[in-house]
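Here is a short tour of aromatic rings and nonpolar cores. Have the sequence and the 3D view open side by side as you read.

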Amino acid sequence: MKIFICDDDKGTLDFLRTILTKHYGKTHQIFTFANPNELLRFGTEPDLLLSDIKLNDTNGIDICRDFLNKYPKVKIIFITGYPTEFYEEIFNYFRPYGFIGKPIQEALLFKRIDNINRILQSNQKIEFLCKGTQIFINPNNIIYIESHGRQKFITTEKDIYIINLSFDDIEKMLPYYFTRSHNAFIVNLNYISSYKNDNIVITNGKILPIGRKYKQQFKDSYFTHKEKENADFFV
């Protein structure tokens, strides 16, 4: 993920660069801008923009609106000491992905960024070779994947696709909300209606087994996912 930071305060800019590089430097690219005009002229599209609302004599909301016109898919988090003063003006133009007050709470900032990263991962389509044809599937639409020998059956909301890949290779391509529940099954945690000791009930009513080898792994993944869902809702 490419993260842009725009703040005219050098102390805040340096602090954000330091903590984000330390926390995300191995997985994300960090770019900083003290001048909003440099931000607008920069020729790379980011995934996330962290911006102060007041940038010298410039309205940061106007800058972000211009930036969204240039890059409509960018996610924006505002950094400000007085967020409520600007709510009405901001929401007249767009919906930000959060506000971070000053002094900056690192844990909350990381949480906001992680949420956006999960959204981006969820929206990325996965490429498979199915019967000699390249297909692209949004992982959100995959309910579960079933193994029959060398063939793997990807069940989505509308179709079933047959591919020839190992589960190990498939798992590397899937987002965080998939987990192995059995030697023959990988399941999307978002489609689980309930589960008992030895089986899973999918939202469409189908029952999938939980293998003894994967019971603890599945349980840990399921409850971790539920905790994340609840935390994201209440924060």
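**Aromatic pairs**

Keep in mind that this is a predicted model. It holds 17 aromatic pairs. A pair of aromatic rings is described by the distance of the centres and the angle of the planes. Two of the pairs are set out here.

| Pair | Centre to centre | Angle between planes | Class |
|---|---|---|---|
| F31 and F42 | 5.6 Å | 55° | tilted |
| Y195 and F218 | 5.2 Å | 80° | edge-to-face |

Let us take the tilted pair, F31 and F42. F31 belongs to strand β2, residues 29-33, while F42 sits in the loop between α2 (36-41) and β3 (48-52), so their pairing ties together parts that are 11 residues apart in sequence. F31 has a relative accessible area of 21%, which makes F31 partly exposed. F42 is partly exposed as well, with a value of 27%.

Now for the pair of Y195 and F218: why is it classed as edge-to-face? The planes of the two rings stand at 80°, and an angle over 60 degrees counts as edge-to-face. Y195 comes from strand β15 (residues 192-195) and F218 from helix α7 (residues 215-234), so this pair ties together parts that are 23 residues apart in sequence. Are the two partners buried or exposed? Y195 is partly exposed, at 24% relative accessibility, whereas F218 is buried, at 0%.

Ring pairs also build a cluster, which links F31 and F42 with F4, F33, F67 and Y71.

**A charge over a ring**

Another ring to look at is that of F167. The charged end of K152 sits over this ring, 5.6 Å from the ring centre.

In soluble globular proteins, nonpolar side chains tend to be buried together. Here, the largest nonpolar core has 20 residues, and the members that touch the most others are I3, L20, L50, L109 and I113. Which elements supply at least two residues each to this core? They are β1 (2-6), α1 (10-24), β3, β6 (75-80) and α5 (106-123). Helix α5 gives the most, with 6 residues.

Setting aside neighbours within four places in sequence, L109 is in contact with L16, I19, L20, L50, I100 and I104.

Apart from this core lies another, of 19 residues, and its members include L68, Y71, V74 and F99. Y71 is also one of the residues in the ring cluster described above.

Conventions. Residues numbered from 1 in each chain as written. Predicted model: local features only at pLDDT ≥ 70, side-chain atom pairs only at ≥ 80, totals over all residues. Heavy atoms only, no water. Phe/Tyr/Trp six-rings, centres within 6.5 Å; stacked < 30°, edge-to-face > 60°. Helix = DSSP H or I, 4+ residues; strand = E, 2+ residues; numbered from the N terminus. Buried < 20%, exposed > 50% of the residue type's maximum accessible area, 1.4 Å probe, protein only. Lys NZ or Arg CZ within 6 Å of the ring centre and 35° of its normal. Core = buried A, V, L, I, M, F, W, Y, C linked by side-chain atoms within 4.5 Å. Contact = heavy atoms within 4.5 Å.
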